[in-house]
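Please read the following report alongside the sequence and the model.

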Amino acid sequence: MPAKKVCIVGSGNWGSAIAKIIGHNVKASNRFNPVVNMWVYEEIIDGRKLTDIINTEHENVKYLPGHKLPRNVVAVPDVAEAVKGATILVFVIPHQFISKLCDQIKPHITEGTIGISLVKGIDEGPDGLKLISDIIREKLEIEVSVLMGANIASEVAEEKFCETTVGSKNAASGVIFKELFQTPNFRITVIKECDTVELCGALKNIVAVGAGFCDGLGFGDNTKAAVIRLGLMEMVAFAKMFCTGEVNSSTFLESCGVADLVTTCYGGRNRKVAEAFAKTNKSITELEAEMLNGQKLQGPQTSAEVYKILLKKGLVNNFPLFVAVYQICFEGKEVKEFITCLQNHPEHM
């Protein structure tokens, strides 16, 4: 059987961190082709193309500075060229770009290709919730698994111990992805329940924005604990309402669930930017440019998608924490009103 060729679609901080793992792992296994293409959105950094910098200095100096990438990871600026011949596609880009990229990739798909989404977000479909893995699955007509967990990119790149969850309905694909991603300090648990795994990865970013608001307003760990608990309850309720398959409560005990929620509410960039938002008069867009090198924050965008779904279904009042984050980010609601939301949450009535 020919070796499986891997292409990473995306090269931000998380995409570059995962490229470091994949690049090392493919060299250690006969299952994979030793060369990994990584699609890079071309940018000019100090007069040089980012792809040239990555391919000569083996470092993504903009999004993951200070961490060397394996030499077998090759930056490619054309996504169609990057995916040619690939039989494993690893998607790790902001969720709002996935549909357009899939349209560009579709004519170049190799028969038998499988995909895995590390994309944290959701979309609104004609019938309500649309998962990012569903968009990839439908547009590319391939099997798609998901990977979500308590995985802050910089810590993964520094090889600090962490866990993650792969949701794969195909056991054979689960084995492949475990071999592709697992290291002594990046431990993989494979489960069959894909939809809940993916939804956890998206919704926890909304809760983390709320945690950041509380930090920016000067509230303490007790308040943040309440945000985490109430946020988790809304995550579980949302999953039970909108997931098409069975929702197993034990999934929330995996790394993709409560662990990811806790780490994001204390150390993630959604929390950090939301804290700065609460302390300043700057917009989310301004803070993204200053704090994330222009990368897009997923929590506010996901709250907007969730709000549209809840509004369509007449369920806005059922998810006050999710809705408050949306209203503060996009409708001009005062940040201090987030505490009022907690005080009057239906859980306390």
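## Surroundings of Gln298

Leaving aside residues up to four places away in sequence, Gln298 touches Pro94, His95, Gln96, Lys120, Asn205 and Asn270, where contact means heavy atoms within 4.5 Å. The model is a predicted one, in which local features need pLDDT of at least 70 and side-chain atom pairs count only at pLDDT 80 or more, while totals for chains, interfaces and linings use all residues. Residues are numbered from 1 along each chain as its sequence is written, and side-chain values use heavy atoms, with hydrogens and water left out.

Gln298 belongs to helix H13 (residues 298–313); helices (H or I, at least four residues) and strands (E, at least two) are DSSP runs, numbered from the N terminus. The side chains of Gln298 and His95 are joined by a polar contact of 2.4 Å, that is, a pair of N or O atoms within 3.5 Å, of which, within protein, one must be able to donate a hydrogen and the other to accept it, and residues adjacent in sequence count only if both atoms are side-chain atoms.

## Annotated positions

UniProt, in an unreviewed entry, places the feature "binding site" at Lys120, Arg269 and Asn270; such positions are given in the numbering used here, feature names are shortened, and annotations may be inferred rather than shown by experiment. Although these positions are spread over 151 residues of sequence, they cluster in space, with a largest C-alpha distance of 13.1 Å.

Lys120 is found in the loop between strand E7 (114–117) and strand E8 (122–125), and a polar atom of its side chain lies 3.4 Å from the backbone oxygen of Gly149. Asn270 lies in helix H11 (residues 269–279), and its contacts, not counting residues up to four places away in sequence, include Asn205, Leu297 and Gln298.

The table lists burial, where buried means under 20% relative accessible area, exposed over 50%, and partly exposed in between (1.4 Å probe, protein chains only).

| Residue | Relative accessible area and class |
|---|---|
| Gln298 | 10%, buried |
| Lys120 | 14%, buried |
| Asn270 | 5%, buried |

## The sheet

Eight strands form an open sheet of mixed pairing, in the order E5-E2-E1-E6-E7-E10-E11-E12, and two strands pair if DSSP finds at least two bridges between them. Strand E5 (73–76) and strand E12 (186–191) are the edge strands, each pairing on one side only. Strand E11 (residues 162–167) pairs with E12 in the parallel sense over six bridges, and Thr164 stands opposite Ile188 in E12.
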